[in-house]
Amino acid sequence: MAGMQRKECKIPDGNLRGNGPEMWDVRNIDCLEGMDGLPADSVHFVATDPPYFLDGMDGDWDKSKLDKRVKPGVIGGLPTGMKFDKQQGKHLEEFMFNVAGGIYRVLKPGGFAAVFCQARLSYAVGSAFDRAGFEIRDMLAWKYEGQAKAFSQEHFVRKMKLPQNEKLEIIREIAGRKTPQLKPQFEPIVLAQKPREGTFINNWLAHKTGLISPEQSVMGNGFPGTILECPKPKKGKATGHMTVKPVLVMRQLIRLFTIERQTVLDPFMGSGTTGVAAVQDSRKFIGFEIDPDYTQIALGRIQNEQELQ
C-alpha cells in the first residue's frame, strides 16, 4: 500500500524491514480523519481498544488530565466505572457508530474488527457496529486476574451527622457490605465482520479474508476459543498507558484473522501494542492516535520491536 508512507505531526515515515519489506504508518491524528485518508476496502483486519466512556475516558480523552486525577482503580474518589451516568451508553454508541462507519468503509469484504470494550457498556459497541452494517459474529473475552475495587461503606457512615450509637447500629446492619462491584476478571471483545462477497471460498479468493487460521494460535495447543487468558500488563514507562493490552492477546487476534503481509489497522493505537504485535508477526500496520505523547511512545515501541526482528 503506497498510501501508507506519510508524514504526520513530525512522525517519520514508516518503513520497517524484517523477513521482508514491512510497512507501517503511525500518525498523531483523529481516527475519523485518518480513516478518511485510506482507500476503501484496503484493510484486512482491525483490532482496537477505543475509549470506554467511563469517568472522563471518552472521546475527549486527555492523558495529562487523567494522569493527574486517576489513581489505580479510582477516578474522582470512586472506584473506576462506579461514576454512573445513564447517558454513557448512548454517548458511547453514537461515538462508536461514526467510528464503525469509517472502519466499514476501509475494511475488505469479509474482514473482521475485534473491539475491546467495558463489560457493562459492551452492548453499546455491539449495537453501533450492527447499525453500521457489520455482522456481530461473536463475543470474545480477554481473561485476567483483576483487583477487587468495591468500596466499604463504614467510613461514610462514620462521617454522618448522627449520634454515635446510631452510627454503630448502621455499621452493624450493613455488616461489611460494599459497593456493587465484583472483582473484574475479563474484558469483552466484540467480534464484528463486514459482510462477505459470495461464499466463504469466493470471498477468500477475492480478498483473502473471512476465514480463520486456528493452527496459527499462540495461546495454547488446542483449537482456539473465545477466552483469551493472559495476565494484565502493568502500567510502566514503556507504555505509559493506563489500559494497555498484552502483546500476546493482540498477536492471537492478528494471527487468527490475518495472514503474513496483510494490513492491520488500529484506529485508537494508544501506546502501540497492536503495532508491536503486527511487527512480530510480519503484518503491515496502520495506527492512529489523537494524543501526541502516546503516538511518540508507540513509534518508539514499534521501532524497537523491529530492531529485534
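Start by selecting Ala141: it stands opposite Ile227 in β11. Strand β9 (residues 135-143) and β11 pair in the parallel sense over three bridges; two strands pair if DSSP finds at least two bridges between them. Strands (E, at least two residues) and helices (H or I, at least four) are DSSP runs, numbered from the N terminus. This is a predicted model, in which local features need pLDDT of at least 70 and side-chain atom pairs count only at pLDDT 80 or more, while totals for chains, interfaces and linings use all residues. Residues are numbered from 1 along each chain as its sequence is written, and side-chain values use heavy atoms, with hydrogens and water left out.

**The sheet**

Now widen the selection to the whole sheet. Eight strands make up this open sheet, and you can walk across it in the order β3-β13-β12-β4-β8-β10-β9-β11, with mixed pairing. At its edges you will find β3 (24-28) and β11 (227-229), each pairing on one side only. Neighbouring strands are turned against each other by 15° on average, direction ignored. Next, pick helix α3 (residues 88-106), which packs on the sheet and touches β4, β8 (107-116) and β12 (263-266). The direction of α3 makes about 145° with that of β8. Axes here are lines fitted to C-alpha atoms, for helices over the stretch in contact, and angles run from 0 to 180 degrees between N-to-C directions. Contact means heavy atoms within 4.5 Å.

Move on to Asp281, in the loop between α9 and β13. Is Asp281 buried or exposed? At 3% relative accessibility, Asp281 counts as buried; the label means under 20% relative accessible area, with exposed over 50% and partly exposed in between (1.4 Å probe, protein chains only). Show the neighbours too: leaving aside residues up to four places away in sequence, Asp281 touches Arg251, Arg255 and Glu260.

With Arg255, Asp281 forms a salt bridge, the closest N and O atoms being 2.8 Å apart. A salt bridge is a side-chain nitrogen of Lys or Arg within 4 Å of a carboxyl oxygen of Asp or Glu. This pair links distant parts of the chain, 26 residues apart, with Arg255 in helix α8 (residues 247-257) and Asp281 in the loop between α9 (273-280) and β13 (284-289). Arg255 is partly exposed, at a relative accessible area of 21%.

Select Lys194 and Asp41 for another one, where the closest N and O atoms are 2.8 Å apart. Which parts of the chain does the pair link? Lys194 lies in the loop between β10 (186-193) and α7 (200-207), and Asp41 in the loop between α1 (31-36) and β4 (43-48), 153 residues apart. Lys194 is buried, with a relative accessible area of 7%, whereas Asp41 is partly exposed at 34%.

Then try Arg261 and Glu260, whose side chains meet in a salt bridge at 3.9 Å, N to O. Arg261 is partly exposed, with a relative accessible area of 30%. Salt bridges that share partners also join Asp49, Glu187 and Lys245 into one network.

**Colour by confidence**

Finally, colour by pLDDT, the predictor's confidence in each residue, from 0 to 100. The chain averages 84, and 80% of the residues score at least 70. Over residues 1-22 the pLDDT is below 50, and this stretch has 59 contacts beyond near neighbours in sequence. Residues 61-81 also stay under 50, and the model has 48 contacts for them beyond four places in sequence.
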